[in-house]
Amino acid sequence: MPGDLNGVMVVTLEQAVAAPYLSCRLAEAGARVIKVERAEGDFARQYDHLVHGESAYFVWLNRGKESIALDLRDPADKALMAAMLKDADIFIQNLAPGAIDRLGFALEELRQDNPRLITVSISGYGEDGPFRDRKAYDLLIQAESGLSSITGNAHGSARVGVSVCDIACGMNAHEAVLQALYARERSGTGRHISVSLFHALTDWMNVPYLQYAYGGKTPVRSGLMHPTIAPYGTYAGSDGKEVLFSIQNEREWLKFCTRVLGNGDVANDPRFDSNSNRVANRDALDEVIGAVFAKHPRDTLAEMLENAGIANGRVNEMEDLAAHPQTRYVDVETPTGPVRLLARGEVVDGEVAQAGAVPALDADGERLRREFGG
């Protein structure tokens with residue numbers, strides 16, 4: 001798997017999260033990824049300094065890349081960039097709207113000069129429409145897409161705890177690039193790919209949108225309780241720690257009542273004898289469940305639910321995640337020493353994707369200038 005994209009060269013003029021997510025995935029598959037940075041570097045390098053001096057975001061998203069610092073207003077650096085792009089298979093950019101054209105690297109012209117080139121533009125709102133020139137960042141799009149209106153609880157909206165819009169956008173771009181590489185093997189020509197944070201996330205919003213557009217139902221913020229299924233959410237044990245469990249059908253509801261609550265009569269209570277009735281009488285249902293759960297600590301409750309065949313998960317903190325028996329790790333080198341990261345989700349032929357080193361700013365600049373400077 002690490003060598004699948006050997007021979008593919010990627011030039012990426014990128015910063016922040018979405019575009020680096022895409023190029024990181026390509027690098028891990030064996031592509032040569034040249035990361036072009038400003039003299040001050042990708043601003044994600046300065047998001048924090050918590051990983052023994054490095055930024056957590058930067059370490060996560062920039063493994064296996066080469067770094068060169070260029071001033072694209074300087075004629076010599078601009079010529080170097082042009083030379084790299086002549087050899088490139090993929091060019092990624094997520095500059096502010098219109099900036100790439102002003103720098104003299106209009107994507108349409110690049111593809112005329114290099115018909116096999118695959119170009120990727122990542123933006124906030126896409127390349128057309130009245131919002132096309134707006135800057136956008138993850139939390140702005142969480143709000144603009146409607147995600148914030150369904151995230152949080154009765155007290156108000158909440159940010160999703162990770163950069164979900166950036167990640168969705170990077171994932172969409174990765175899918176599209178792999179498809180473009182496959183298509184190029186047949187056609188011999190590249191294509192232009194445009195992915196926006198807004199459209200990547202609004203695709204994920206289809207269920208609440210469809211419920212609104214066709215069912216007239218506006219989803220409400222439900223915290224860690226499912227808005228349309230009950231019981232499905234978090235409940236505290238006697239130690240104050242929470243377990244989250246899910247009832248998906250009436251067979252599971254009966255098992256839950258008899259084997260966890262220890263009271264089969266609850267299953268036939270007319271307030272609770274269907275999912276719709278349980279949702280309508282959620283407060284009364286929660287009182288019944290809470291009275292039983294208050295007698296047992298969280299881990300005991302999780303074991304009781306598991307033994308009854310009820311899907312459940314503990315509401316873990318970072319300490320719990322770090323010690324979780326299912327957690328997989330990969331080790332990566334950084335300019336300030338080795339770091340252990342949480343591994344990617346997929347395992348291919350029994351192997352977890354390994355990670356290349358995270359580059360220091362302009363770590364490969366001198367070598368790349370010799371290679372492409374003529």
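Two strands pair if DSSP finds at least two bridges between them, and helices (H or I, at least four residues) and strands (E, at least two) are DSSP runs, numbered from the N terminus. These legends look at a predicted model, where local features need pLDDT of at least 70 and side-chain atom pairs count only at pLDDT 80 or more, while totals for chains, interfaces and linings use all residues. Residues are numbered from 1 along each chain as its sequence is written, and side-chain values use heavy atoms, with hydrogens and water left out.

**View 1. The hairpin of S9 and S10.** Five residues sit between S9 and S10 in this hairpin. In the turn, Gly240 has a positive phi of about 85°. Strand S9 (residues 232-236) runs antiparallel to strand S10 (residues 242-246), and five bridges join them. Look for Tyr232, which stands opposite Ser246 in S10.

**View 2. The open sheet.** Follow the order S3-S2-S1-S4-S5-S8 and you have walked across six strands with parallel pairing. Strand S3 (66-69) and strand S8 (192-196) stand at the edges with a single partner strand each, so one side of each has no neighbour in the sheet. On average, neighbouring strands here are turned by 20° against each other, direction ignored (axes are lines fitted to C-alpha atoms, for helices over the stretch in contact, and angles run from 0 to 180 degrees between N-to-C directions). Inside the sheet, five bridges link S1 (residues 9-13) with S2 (residues 32-37), and Val10 stands opposite Val33 in S2.

**View 3. Helices on the sheet.** Helix H3 (residues 75-87) packs on the sheet and touches S1, S2, S3 and S4 (contact means heavy atoms within 4.5 Å). The direction of H3 makes about 145° with that of S1. Helix H1 (residues 18-28) lies across S1, S2, S4 (90-93) and S5 (118-123), running at about 155° to S4.

**View 4. Asp48 in its loop.** Find Asp48 in the loop between S2 and helix H2 (56-61). Asp48 is buried (under 20% relative accessible area, 1.4 Å probe, protein chains only; exposed is over 50%). The side chain of Asp48 reaches the backbone nitrogen of Leu50 at 3.2 Å, and one of its polar atoms lies 3.0 Å from the backbone nitrogen of Ala56.

**View 5. Gly262 between two helices.** The loop between helix H10 (250-260) and helix H11 (265-268) holds Gly262. Gly262 counts as exposed because its relative accessibility is 62%.

Terms used. Lys, Arg positive; Asp, Glu negative; His and termini not counted. Salt bridge = Lys/Arg side-chain N within 4 Å of Asp/Glu carboxyl O. Polar contact = N/O pair within 3.5 Å; in protein donor to acceptor, adjacent residues only side chain to side chain.
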